[in-house]
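These are my notebook entries on one structure. I looked up a pocket, a strand, a residue and a cavity, in that order.

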Amino acid sequence: MKKKYLLGIDGGTGGMRVGIFDFKGYEKGFASVPYPTYYPHSGWAEQKPLDWWRALRKAIQEALQTSQVKKEEILALSYDVTCCSVVLSKNDGTVLRNSLIWMDVRATEEAHEIAQCDHPVLKFNGYGNVSAEWMPCKVLWLKRYEPKIYEQSEKICEYADWLTYQLTGKWTMNLSNSATRWYYDSQSGGIPDDFYQKIGLRDVLAKFPQRVTTLGEQLGKLRLEAAEFLGLTTDTIVGQGGADAFVGILGLGLNYPGEVALMTGSSHLVMGLTDQYTYQGQGVFGPFPDAIQPGLGFVEGGQTSSGSILTWFIKNFCRDLEQCSENPYDVLDQEARTIAPGSNGLLVLDWWQGNRTPYTDPDVRGMIYGLSLASTRSEIYRAILEGVAYGTENVLERFRQLGFQVNELVMGGGTLRSDLWIQIHADVSNLPVKIPENGQAPTLGSAILASVAAGVYETNALAIESMVRYRKVVLPHSESHKRYQQLFKKYQLAYPICGEWMKSRGEDE
């Protein structure tokens, strides 16, 4: 049977998505299977790796069934998953505890300590605050507060690396994660041993996978146990995957320096490619050498909470909508369209799980300002959409301040389901927003990596040119932008005024 399809796997925060694509990037089948997140304490967030694995099996089977594609027709697969989702396991992949996923910011104190270590690798976070999301911070917390499990662990890795082992039986350190979250520097010798020694984690280096691999590198074929479990064949080629949003920019078509992507979902990420390796200060992460495209640096900013705020809002305050036949988001979008920009005086600070950039402050928290007895549910909903868009513009403005030009946005992810939210982003930032033909950019990006691993295309760039297309461009409304300019200035005043107050403790604490 002729092999003519590619499998793209996207392990997101809310669940597992699988897309089946032909070699031109046209989607033939898609499935999504949720898995739970656990929040033991404020700022903590955990998932069970076996939930990921079981959801992958179910999603693959549903995608094959809906597409009528035979497993023998799948040439290759690759994957993208959440970044900074740390797994502790034995060498055989047996998991020792729940994964601390990317949005877990319990390692705040460790992040503060690492930021003070005065090591050159801190250039990657602008010589400023270190994000509590990043691998070294979480591992240092685990070593301190769960020493027994830490000592028992034989492998400490990312979600992507654990999945690599499950699929192939091989342990790899993928460059996508290690360059952007582990301080791996391909231009300066790789893993900075002296940095890890300085922060008290010299022993973790032996627990990291030792083989470093690049996005799209062929890892071999599915091992027998994985093929049988997932319902695939052992001659399916596996290409190295990586972080979801980073792989997603391939699915959005970013190929050249100066292009900027906005990947949306539970969080928002602003990402671009550059050939300039300058490290100018706090507010932007990177450039990370070779993390996405060989020979180019990758720059990044983002928001820890965006779509997850809407999920929180609907779950807690819109339970009646969960019982109706219509999609709750569609109902609220329709209601919010009737409200003028500014949501009748409401302003949302999008820091439900802290701020990733430009402040890199895990201790601040979200706020809804301006509430009155006249405030409605629809106004609050629209204010959340606007508050997230202000947070995105705050990142884009920092990009501009550091000399990185932004002329348009290419948007992917969950926000594409809301024409209202796309328009608000365009209006707040006064930028045209390009919308891809396939809104599932991470799954398409993974399929692109699979195509390169299998030799369908020689490079990621060639695969992108053949597999990515756009369906429309959303232009900003000038009058709305004028209103949003005023509100954005107010948003920017919030951190210097409220940031320290949020972190201050009362006398009785």
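**Entry 1: second largest pocket.** I began with the lining of the second largest pocket, which by class has nine nonpolar, eleven polar and one charged residues. In this count Ala, Val, Leu, Ile, Met, Phe, Trp, Tyr, Cys and Pro are nonpolar, Asp, Glu, Lys and Arg are charged, and the others, Gly among them, are polar. I noted a volume of about 330 Å³ for this pocket. Of its 21 lining residues, Gln280, Val299, Leu402, Gly403 and Phe404 are the closest to its centre. Strands S15 (268–274) and S16 (285–289) are the elements that give two or more residues to the lining.

Terms: on a 1 Å grid over the protein atoms alone, a pocket is an open set of points with protein on both sides within 12 Å along at least five of seven lines, a cavity is a set where a 1.4 Å probe fits but cannot get out, and lining residues have an atom within 4 Å of a point. Points are joined across faces, edges and corners, and a volume is the space filled by probe spheres set on them. Strands (E, at least two residues) and helices (H or I, at least four) are DSSP runs, numbered from the N terminus.

**Entry 2: basis.** The model is predicted: local features need pLDDT of at least 70 and side-chain atom pairs pLDDT 80 or more, while totals for chains, interfaces and linings use all residues. Residues are numbered from 1 along each chain as its sequence is written, and side-chain values use heavy atoms, without hydrogens and water.

**Entry 3: Ser451.** Ser451 belongs to helix H15 (residues 441–453) and is buried, at 0% relative accessible area. Beyond its neighbours within four places in sequence, Ser451 is in contact (heavy atoms within 4.5 Å) with Leu6, Val456, Tyr457, Ala463 and Met467.

**Entry 4: cavity.** My search of the whole structure gave one cavity of 30 Å³ or more. The largest cavity has a volume of about 50 Å³, and its lining includes Glu133, Arg356 and Asp361.

Conventions:
Buried means under 20% relative accessible area, exposed over 50%, partly exposed in between (1.4 Å probe, protein chains only).
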